[in-house]
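Okay, thanks everyone for coming. Let me put the structure up, and then I'll walk you through some of its charges and its backbone.

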Amino acid sequence: MKQIDPNAETKIYDIAVIDGDGIGPEIVREARKSLDAAAAKEGFALKYAKYLMGGAAIDATGEPLPQETLTGAQNSDAVLFGAIGGAKWDNMPRDLRPETGLLALRKGLDAFANLRPIKVFDALIDASPLKSEVVRGVDLLVVRELVGGIYFGQPRGRDDRRGWNTMVYGVEEIERIAKVAFEAAMRRGKKLCSVDKANVLEVSQIWREAVTNVAKSYPEVELSHMYVDNAAMQLIRRPRQFDVIVTGNLFGDILSDEASMISGSIGLLPSSSQGAKGGIFEPIHGSAPDIAGLGIANPLATILSAAMLCEFALGQNSAARRIEQAVKKALELGYRTGDIAEPNAPKKVSSIEMGDIVAELIEKS
Ligand code: NAD
């Protein structure tokens, strides 16, 4: 076990905490237990400051991303975030919707690289709707460009009869996300698949050329290109063929949700959105208003996001491994929240119980 020198100055990190809406507060609370347990084991400390975003911020301040939240996030070492949104705010004008707050936070932190690992836990092999022989051993990473593409491109708009958006990428934007993906591939299986629609879209032709250009600096990485429609099919047919996938904002949004079902539940998948500094660490799922307040949300995606926070924002890799191992162990011991439990599962637990079990396993590690 790592020895902590009691005389050494404890490193303290500033973490901006954004609970958000729906199940957000319930899952973030559980992730903090794991973060604190891992920090205690590794001899660092976390100072949390809470900020509002999304529906909660609209209700309190009239805007989805108050300036105080953006400034707080920019001045922190990392942002731990739950989820935003809900029916109550669905009919607000676009600039006052909860999602606008999240997009503005990502833009404000220039968090251009969204990393979504998809790993199948052996203990949950039967939770996937796909056959076990298809999903066993899947360990892939989707790297999605997050602050460009069609979600931000101009012109955009609508009148009564038409709506329009613009998918646009410049070479520099593509090169910087491609570099993140090649670096990730170097740390993993050294295979990168770039997903585009270059047979139809000019923006994808530029994408493909730029990614191919960056590949020259990574001769060890095997680069392939795939059209997005084929990628959607291959992810279900033979997901083990993928190591790292890099793609744009829209395609990445869709493919990573599709890929989430390989693991069995959207409640299991973490993500990080990184730019030059810190980053936003959040589960890939939304605010699940249908189960908010019932105490049954699966906190594991957020707990695993906290592990990514330790690794990518704080450089505390062994804290990250402790959290990941504790999650794996909790699943191996048979603990299940409702979304991943077989009917009559003997160890069906609430969000709070799952959070406590993982934190305890970290303490014992
Ligand atoms: P969702 O991901 O919130 O829920 C989809 C389904 O998965 C629901 O049945 C939900 O109960 C279930 N689910 C999600 N997370 C779960 C968890 N941790 N444990 C157990 N079950 C879980 O998607 P949705 O229903 O399409 O959207 C709900 C709201 O969330 C909308 O307002 C949407 O805009 C918002 N949203 C926010 C984000 C974000 O904050 N990053 C992402 C996606 C959607």
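So, let's begin with a salt bridge: the side chains of aspartate 90 and arginine 97 meet, with N and O at 3.9 Å. Keep in mind as we go that this is a predicted model. How accessible are these two? Aspartate 90 is partly exposed, at 37% relative accessible area, and arginine 97 is partly exposed too, at 23%.

Now have a look at arginine 106, which makes a salt bridge with glutamate 282; the closest N and O atoms there are 3.3 Å apart. Arginine 106 sits in helix H4 and glutamate 282 in strand S12, so this pair ties together parts that are 176 residues apart in sequence. Are arginine 106 and glutamate 282 buried or exposed? Both are buried.

There's a network as well: Arg29, Glu30, Lys33 and Asp356 are joined into one by salt bridges that share partners. Over the whole model, the count comes to 21 salt bridges.

One more of those is lysine 88 with aspartate 59, at 2.6 Å from N to O. Here lysine 88 is in the loop between strand S3 and helix H4, while aspartate 59 belongs to helix H2, and the two are 29 residues apart. Lysine 88 counts as exposed because its relative accessibility is 58%, and the cut-off for that is over 50%. Aspartate 59, at 44%, counts as partly exposed.

Staying with charge, which residues make up the positive patch on the surface? They're Arg136, Lys191, Arg237, Arg238 and Arg240. Arginine 240 is in the loop that runs between helix H8 and strand S10, and it's partly exposed, with a relative accessible area of 47%.

Okay, on to the backbone. Helix H1 covers residues 24-42, and its 19 residues reach 27 Å from first C-alpha to last, close to the 27 Å expected. Just after H1 comes glycine 43, with a positive phi of about 80 degrees.

Where do we find a positive phi outside glycine? Asparagine 344 is one case, at about 65 degrees; this residue lies in the loop between helix H11 and helix H12 and is exposed, at 78%. Alanine 288 is another, with phi near 40 degrees, in the loop between strand S12 and helix H10.

Last stop: glutamine 154 and proline 155 are joined by a cis peptide bond, with omega about 0 degrees. You'll find proline 155 in the loop between strands S5 and S6.

That's my tour, so over to you.

Notes. Residues are numbered from 1 along each chain as its sequence is written. This is a predicted model: local features need pLDDT of at least 70, side-chain atom pairs count only at pLDDT 80 or more; totals for chains, interfaces and linings use all residues. Side-chain values use heavy atoms; hydrogens and water are left out. Patches are made of residues with over 30% relative accessible area and no salt bridge: like charges are joined within 9 Å, nonpolar side chains (Val, Leu, Ile, Met, Phe, Trp, Tyr) within 5 Å. Accessible areas come from the Shrake-Rupley method with a 1.4 Å probe; for residues, only the protein chains shown count as cover. A salt bridge is a side-chain nitrogen of Lys or Arg within 4 Å of a carboxyl oxygen of Asp or Glu. Lys and Arg count as positive and Asp and Glu as negative; His and the chain ends are not counted. The place of a charge is taken as NZ of Lys, CZ of Arg, CG of Asp or CD of Glu. Helices (H or I, at least four residues) and strands (E, at least two) are DSSP runs, numbered from the N terminus. Buried means under 20% relative accessible area, exposed over 50%, partly exposed in between (1.4 Å probe, protein chains only). The expected span of a helix is 1.5 Å times one less than its number of residues.
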